[in-house]
Amino acid sequence: MENREPKISIEPSRSLWKNRPFLLLLGSNTTSNIGLYMYIIIIPLLMYDLTQSAFLISTMRLIEFLASGLLGVAAGIFVDRINRKKALVTAAVLQWTTIALLTLLLFSGNVQLWHLYFLGFFFSTSGLLHTNAAHAALPQVLHKDQLTEGNAKLGIVSTSVRLIGPMLAGLTLASLSFAGTMAVQLGFITLTLLFVLLLPSLKIEGIENREKSTFWKDAKEGFQELFNNALLRVTTVVIFFQNFGFSLTMGVLVFFAVDQLQATEAQVGAYISIGAVGGLFGMLIVKKITTLFPRGKIYTYTNIFDVLAFIVLAFATSWWMIAIALALFSFSTSISNVIYHAVRQEVTPNQMLGRVAGSVATLVQLTMPLGVIAGGLWAEFFSIRILFGINIVISAAILFGLLFTTFHKTVK
């Protein structure tokens, strides 16, 4: 099939802080993410209280992968078939219902393990739907030349919440019971629902022509748009290998820090927080550097920081070297993600954006569990440092491969 070289147009701009729909999206993302990070802290601790089983706690992570991998395409089709505001409201209602039921079960003292798995799957699904719908709605409320800045601001909020969300959950849990903490989370989800209800209508142009389209036809169109578009095809391949490489080390990094570097629990928490600070710094400067250099070249050369990060990990002798590596990696990832999301929103027809995003989520999320399992098995028999070496090779290959791509040469 013919490769399309999409052109990115520039339109007049105005302040994002005077754009009410954008502020409502920003607010909904903020409260939804706070609820998410509170959930990430609460549920494992609650499962430990119920079971004292490390294995059962770890399986909750698999629920997230399954939701994204199995339902990514379906969520994208749903987002592209209805008014985007209705999709966001549906996600918020589903999120509110699952947390309300968990709160009720906790206050009544009747919560059981299967409740956490069953409701956890629906909570993960609601988060997937919210993320997809918000991503697809952003080009409907911003001019094209504002998308990089808009994605950066959303990223700043998300990274900031990643820093304070777990702390907020821990302090709330220390002051209240599990039920009380879940009620606080329900309050944040209620705010999310309120924000999306206040959004204007976000109708998709030409949606009437797709009313009789089948699920499989919609799914096929999403994958075709993804792989027939020269810019999206390149970045999808890059994201696939980046996520697989990172997942090789994601599951064993804490073990490496504690077992081989004798890091304490406090030091593990410290290097995770320092890593998040690197991502926040990247979000803060991405808009500025995109005014100085072409985005295609920035996207390419940020991979240098990935190479450096895994070199530091390969030779790490203390926890602070892990902190430096994670800060470098998060810095690179935050910048490349903002650029990728903005370009995807610019070159993808809006009526297909949900399906394209869902297709990427499916391809990536179904491979990450394989990377986690492979990394864990490798660590049982071989040196973990070799995994870091493998990631050096992967990151370097991505860097040099991008130099010859359309994305590097044409994206301004």
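Visitor: How many cavities of 30 Å³ or more are counted here?

Guide: In this predicted model, the count comes to 2 cavities of 30 Å³ or more.

Visitor: Which elements give two or more residues to the lining of the largest cavity?

Guide: They are helix H8 (230-250), helix H12 (303-314) and helix H13 (319-347). The lining includes Phe 246, Leu 313 and Phe 329. Its residues divide into 8 nonpolar, 1 polar and no charged.

Visitor: What makes up the lining of the second largest cavity?

Guide: Among the lining residues are Gln 242, Asp 306, Asn 391 and Ser 395. H8, H12 and helix H15 (384-402) each supply at least two residues. This lining divides into 6 nonpolar, 4 polar and 1 charged.

Visitor: Why is the pair of Asp 218 and Arg 355 called a salt bridge?

Guide: A salt bridge requires a side-chain nitrogen of Lys or Arg within 4 Å of a carboxyl oxygen of Asp or Glu. The closest N and O atoms of Asp 218 and Arg 355 are 3.7 Å apart, so the pair meets that cut-off. Asp 218 lies in helix H7 (residues 215-228) and Arg 355 in helix H14 (residues 353-381), so the pair ties together parts that are 137 residues apart in sequence.

Visitor: How do you know that Asp 218 is buried?

Guide: Buried means under 20% relative accessible area. Asp 218 has 0%, and so is buried. Arg 355, with 3%, is buried by that rule as well.

Visitor: What makes Arg 295 and Glu 346 a link between parts of the chain?

Guide: Arg 295 forms a salt bridge with Glu 346, the closest N and O atoms being 2.9 Å apart. Arg 295 lies in helix H11 (residues 295-301) and Glu 346 in helix H13, so the pair ties together parts that are 51 residues apart in sequence. Arg 295 is buried because its relative accessibility is 7%, and Glu 346 is buried with 6%.

Conventions:
Residues are numbered from 1 along each chain as its sequence is written. This is a predicted model: local features need pLDDT of at least 70, side-chain atom pairs count only at pLDDT 80 or more; totals for chains, interfaces and linings use all residues. Side-chain values use heavy atoms; hydrogens and water are left out. On a 1 Å grid over the protein atoms alone, a cavity is a set of points where a 1.4 Å probe fits but cannot get out, and a pocket is an open set with protein on both sides within 12 Å along at least five of seven lines; lining residues have an atom within 4 Å of a point. Grid points are joined across faces, edges and corners, and a volume is the space filled by probe spheres set on the points. Helices (H or I, at least four residues) and strands (E, at least two) are DSSP runs, numbered from the N terminus. Ala, Val, Leu, Ile, Met, Phe, Trp, Tyr, Cys and Pro count as nonpolar, Asp, Glu, Lys and Arg as charged, and the others, Gly among them, as polar. Buried means under 20% relative accessible area, exposed over 50%, partly exposed in between (1.4 Å probe, protein chains only).
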